[in-house]
Amino acid sequence: MGGIGSGDFWQIGNEIVGLTMAAARVYPDDRILDVGCGLGRVALPLSRLLDQRGSYDGFDTSREYIEWCTRSLPVDPARFRFRHFDIQSSHYNETGAIAAEAFPFPWPDQSFSLAIAVSLFTHLSAAAATNYLHEIARTLQADGRLFASFFVLDEQSRTLAESDTTDPRFTARFDEGMIGDPSNPEAAVAFNAEWLADTLASAGLVFDAFYPGRWRHLPVMSHQDILVAHKP
Ligand SMILES: C[S@@+](CC[C@H](N)C(=O)[O-])C[C@H]1O[C@@H](n2cnc3c(N)ncnc32)[C@H](O)[C@@H]1O
């Protein structure tokens with residue numbers, strides 16, 4: 001199945017979980033929300049780190065991905081749950097019935113201790129990203145952590161994006177950042193650093209760390225930029 005990105009699926013899953021452990025910690029009793037879980041690339045390595053107290057909930061707008069996760073991943077279905085929601089996305093679910101900017105996550109406040117969103121905000125409009133950051137904050141417990149990836153436009157990366165030398169390419173500006181393809185705006189989205197900092201704060205999340213990614217021509221493990229934050 002396409003849409004997840006190139007490279008070794010399992011190895012990248014292990015690397016993402018390794019980065020999550022290093023940057024945001026993973027505890028055996030974590031209750032994890034994986035937003036835009038795709039084909040559950042991080043679920044299998046996480047299943048080796050969580051004990052019986054821990055749990056994992058992943059959701060995605062692709063029915064096909066969620067069906068595959070449910071059918072094929074060798075994880076305990078009582079503690080590793082995958083759910084599909086028919087959320088609209090120009091890239092992943094064009095005819096979806098639910099607007100991403102108005103989608104309330106169907107979990108009560110403070111349900112999770114760790115939220116993971118890898119290569120998800122790089123496929124959301126600014127309005128959807130704002131909603132998702134607010135919903136992540138709402139569903140995190142106090143001291144809960146967020147490990148998320150973005151394409152962040154700051155002085156360095158904006159110069160590269162404008163000189164058309166990034167992978168992916170960003171060709172068109174909008175108020176909050178740049179997109180790769182105006183005919184498919186959610187194929188690749190980069191946000192302005194200032195906008196992201198303001199939106200994170202307005203959601204009630206506190207910035208902890210930022211790790212620039214390989215898309216900026218840096219010799220680092222993660223292709224996308226990594227952002228770590230927590231709910232105070
Ligand atoms: C590049 S894939 C990454 C999947 C997974 N996080 C990983 O790292 O393997 C992006 C995922 O985000 C999902 N997605 C895109 N827009 C979404 C939305 N509004 N809500 C939930 N999932 C979404 C896609 O269906 C796709 O599975």
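**View 1. Helix α6 contributes the most residues, five, to the lining of the second largest pocket.** This close-up is taken from a predicted model, as are the views that follow. By residue class, the lining comprises 10 nonpolar residues, no polar residue and one charged residue.

**View 2. F59 and W107 form a tilted aromatic pair.** The structure holds 20 aromatic pairs. In the pair shown here, F59 and W107 are 5.8 Å apart from centre to centre, with 40° between the ring planes. F59 belongs to strand β2 (residues 55-60), whereas W107 is in the loop between β3 (80-84) and β4 (112-117), so the contact ties together parts that lie 48 residues apart in sequence. Both F59 and W107 are buried.

**View 3. W107 and F112 form an edge-to-face pair.** The ring centres of W107 and F112 are separated by 5.5 Å, and the planes meet at 75°; the pair is therefore classed as edge-to-face, the cut-off for that class being an angle over 60 degrees. W107 has a relative accessible area of 12% and is thus buried. F112, with a relative accessibility of 2%, also counts as buried.

**View 4. An aromatic cluster includes W107, over whose ring the charged end of R83 sits.** The cluster consists of F59, F85, F103, F105, W107, F112 and Y132. The charged end of R83 is 5.6 Å from the centre of the W107 ring.

**View 5. Helix α4 is mostly covered.** The helix runs over residues 126-139 and has 14 residues. From its first C-alpha to its last, α4 reaches 20 Å, close to the 20 Å expected at 1.5 Å a residue. Of the 14 residues of α4, 10 are buried. These buried positions are A126, A128, A129, N131, Y132, L133, E135, I136, A137 and T139. In an α-helix there are 3.6 residues a turn, so residues three or four places apart point the same way.

How values were computed: Residues are numbered from 1 along each chain as its sequence is written. This is a predicted model: local features need pLDDT of at least 70, side-chain atom pairs count only at pLDDT 80 or more; totals for chains, interfaces and linings use all residues. Side-chain values use heavy atoms; hydrogens and water are left out. Helices (H or I, at least four residues) and strands (E, at least two) are DSSP runs, numbered from the N terminus. The expected span of a helix is 1.5 Å times one less than its number of residues. Buried means under 20% relative accessible area, exposed over 50%, partly exposed in between (1.4 Å probe, protein chains only). Rings of Phe, Tyr and Trp (its six-membered ring) pair if their centres lie within 6.5 Å; planes under 30 degrees apart count as stacked, over 60 as edge-to-face and the rest as tilted. A charge sits over a ring if NZ of Lys or CZ of Arg is within 6 Å of the ring centre and within 35 degrees of the ring normal. Ala, Val, Leu, Ile, Met, Phe, Trp, Tyr, Cys and Pro count as nonpolar, Asp, Glu, Lys and Arg as charged, and the others, Gly among them, as polar.
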